[in-house]
Structures are given as structure tokens and as C-alpha cells.
Amino acid sequence: MTTLALTSRTDPVFCRETALLLYGLPLLNRPAVMTLRASSSSMAGSVKRAKPKGAAWPLFGERRISVPRAWSDLSAAQQHPFRLRLFPGSSLVLEDLRLCLADTLPRLPWEDSIVVADALLNGLRNSPDNMPAVVATPWTAQDLNSMADTSSTQKAAHRLRRIADFASPLSGSPGESWSRVVIEQLGFEPPELQHHVRTADGQLLGILDFWWKGLRLAGEFDGKRKYAGGNSYSGRDVDPVILDEKLRSERIQEEGVRFVRWMWDDLTSPRRLEAKLLRAGVPRR
């Protein structure tokens with residue numbers, strides 16, 4: 001992307017999935033090509049890049065997309081108002097976030113759209129320091145619903161409202177967001193999110209990803225990053241994190257709570273998660 005920005009005669013405007021990633025929003029399925037707005041309909045289409053000498057493959061693929069007709073009354077400043085500065089004299093132009101979301105979310109796989117929407121609501125994203133407040137601060141459900149007003153079709157507007165209805169600020173990671181999607185698609189009773197477990201005297205023992213109250217059952221998504229040393233959610237080394245998690249689980253289990261745990265592989269193969277939840281006694285809706 002930096003190479004493209006430096007070598008283009010005009011400023012390329014990044015849109016759709018590429019813009020979402022540059023805004024610091026997570027995606028489960030990384031895009032295979034960069035997406036940019038075409039300066040005219042005749043410029044729309046895929047662009048093949050030459051393979052650098054000695055490289056196994058080209059540096060990147062590129063797809064240029066026409067501006068939606070519904071945006072024809074918007075000025076260029078309204079469509080792409082933000083510049084992500086890389087270093088002095090170089091920046092990337094990003095499509096307006098609300099327009100980008102309204103155009104992109106309805107096109108994404110359902111699980112990806114919920115991962116993005118949850119990240120907007122909970123504020124857990126990797127936005128650069130110089131991002132505007134509309135990106136850096138958590139959104140509300142009303143903010144999500146308002147995107148339907150700028151969608152290009154009624155079908156897209158309906159999908160955006162469904163996304164807003166399902167999204168939650170209580171999902172603590174993309175894995176938890178994806179877990180909610182799979183649990184719902186498998187037809188299980190929806191769990192409570194981020195349940196606080198306390199002792200009889202009110203001492204907080206832990207916060208559970210998922211909680212089925214009638215079963216006193218805790219569901220935990222154990223992504224590898226949770227324990228991956230400096231890349232863990234806590235930033236701590238792996239051994240202390242694992243020990244703390246073991247002690248936390250033991251204290252919670254002493255309160256009569258059972259655990260069912262799953263990982264990424266159980267989400268990519270949903271029948272594995274289904275079998276785990278059935279063994280744990282989670283009822284269908």
C-alpha cells in the first residue's frame with residue numbers, strides 16, 4: 001500500500017475491506033487484494049501487478065471499484081475525508097468510515113460483519129493514534145442502525161439492521177464474536193456475555209466469556225493469542241498467564257461452575273463445537 005501511495009500520480013482512495021483494516025478493524029477473512037475507488041467507471045476492474053524480479057509472486061493484487069450511485073451527490077471531501085499519515089510527505093487516503101461500512105458490511109460473510117460491528121461497539125481495535133474520534137471511540141447501536149440510511153439498496157439496508165440487532169459491545173475478541181455467530185447458527189440457547197462470578201461475600205473471581213445460568217455452565221473461547229506471551233491479551237509471558245488461568249478456573253469451579261472450552265478449530269468446524277455444547281447439556285432454542 002505504501003508503494004502504491006508513493007508511485008501513483010493521484011492519491012488512491014482505499015475502500016471496502018482494505019479501508020476497514022487500515023482503520024484498525026478486525027476481519028476473520030483477510031482480503032486477497034487491495035480495494036480502491038475507481039476515478040471513473042471506465043477505470044473499474046482488477047489490476048494485475050508485475051512480479052518483481054526474483055519474487056515468487058506479485059507484491060499485491062488490486063481491484064478498483066466504482067463509486068455507488070447513491071453517493072453521487074456527495075463531494076470528494078465527504079466521501080474520503082481522512083488521510084492516514086505514514087511519514088512526512090506520505091499518507092494514505094481512506095474512504096469515510098460510515099460510507100465504507102455501509103458499502104462493505106452487507107457484502108461480508110455474516111461472521112465477518114459481526115466481528116467488525118462488535119469491534120465498533122466495544123472499542124477494541126488497533127486504530128492508529130491519529131484516527132478521528134468517529135473511529136477511536138466506541139459506537140452505539142444507534143450509530144450502527146444509522147448506516148442503513150446511507151446504504152445503496154433496500155437489501156443492504158435490511159442486512160445492516162440485522163447486523164446492528166445482533167452486534168454486542170460485550171464481545172471481548174473476534175473469536176468471541178465468531179463464537180456467538182456459530183452458537184446462534186447451531187440453534188443453541190444464547191448465552192449471557194461477560195458474566196461476573198462472585199463468592200457469597202461478593203468477591204469477584206472472574207469474568208466469563210459466555211454463561212448459561214440455568215446450567216451454571218461457563219463457555220470460554222481459548223484463542224492461542226490469549227496465552228502467546230508478549231502477544232497475549234495481557235502482554236505477559238505465557239507461563240504466568242497459564243498459571244493464572246488455571247487458578248482462576250479452579251476458584252470458579254469451587255463455586256459450582258462447570259466449563260466448556262473451545263478454540264479456533266472448533267469454529268472453523270462447527271460440528272465440533274456443537275458436540276462440545278451438547279455434551280455440556282446446552283439446550284436448543
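Biologist: Which residues is Arg 37 in contact with, leaving aside its neighbours within four places in sequence?

Modeller: Contact means heavy atoms within 4.5 Å. With those neighbours set aside, Arg 37 touches Val 13, Cys 15, Arg 16, Arg 64, Ile 65, Ser 66, Val 67, Pro 68, Trp 71, Glu 95 and Asp 103. This is a predicted model: local features need pLDDT of at least 70, side-chain atom pairs count only at pLDDT 80 or more, and totals for chains, interfaces and linings use all residues. Residues are numbered from 1 along each chain as its sequence is written, and side-chain values use heavy atoms, leaving out hydrogens and water.

Biologist: Where is Arg 37 placed? Is Arg 37 buried or exposed?

Modeller: Strands are DSSP runs of E, at least two residues; helices are runs of H or I, at least four; both are numbered from the N terminus. Arg 37 sits in strand S2, residues 34-37. Arg 37 has 7%, so Arg 37 is buried.

Biologist: What lies 2.8 Å from a polar atom of the Arg 37 side chain?

Modeller: The backbone oxygen of Ser 66.

Biologist: What counts as a salt bridge? How many are there by this rule?

Modeller: The rule asks for a side-chain nitrogen of Lys or Arg within 4 Å of a carboxyl oxygen of Asp or Glu. The count is 12.

Biologist: Which residue forms a salt bridge with Arg 37 at 2.6 Å?

Modeller: Glu 95; 2.6 Å is the distance between the closest N and O atoms. The two are 58 residues apart, linking distant parts of the chain: Arg 37 is in S2, and Glu 95 is in the loop between strand S6 (90-94) and H4. Glu 95 is buried, at 1%.

Asp 103 also meets Arg 37 in a salt bridge, 2.7 Å from N to O. That pair again links distant parts of the chain, helix H4 and strand S2, 66 residues apart. Both Asp 103 and Arg 37 are buried.

Biologist: Which residue pairs with Arg 272?

Modeller: Asp 266, with the closest N and O atoms 3.2 Å apart. Arg 272 is partly exposed at 45%, whereas Asp 266 is buried at 2%. Elsewhere, shared partners join Arg 16, Arg 37, Glu 95, Asp 103 and Arg 107 into one salt-bridge network.

Biologist: Now the helix. What span should H5 have?

Modeller: The expected span is 1.5 Å times one less than the number of residues. H5 has 13 residues (110-122), which gives 18 Å; its end C-alpha atoms are 18 Å apart, in agreement.

Biologist: Why is H5 called largely enclosed by the rest of the structure?

Modeller: Because 12 of its 13 residues are buried. Among them are Trp 110, Asp 112, Asp 118 and Asn 122. The cover includes helices H4 (97-104), H7 (141-146), H8 (154-166) and H9 (174-185). Just after H5, Gly 123 takes a positive phi of about 75 degrees.

Biologist: Which residues does Gly 175 contact, leaving aside its neighbours within four places in sequence?

Modeller: Phe 221, Trp 264 and Leu 267. Gly 175 belongs to H9 and is buried, at 1%. The C-alpha atoms of Gly 175 and Leu 267 are 8.5 Å apart, and the two residues are 92 apart along the chain.

Terms used
Buried means under 20% relative accessible area, exposed over 50%, partly exposed in between (1.4 Å probe, protein chains only). A polar contact is a pair of N or O atoms within 3.5 Å; within protein, one must be able to donate a hydrogen and the other to accept it, and residues adjacent in sequence count only if both atoms are side-chain atoms.
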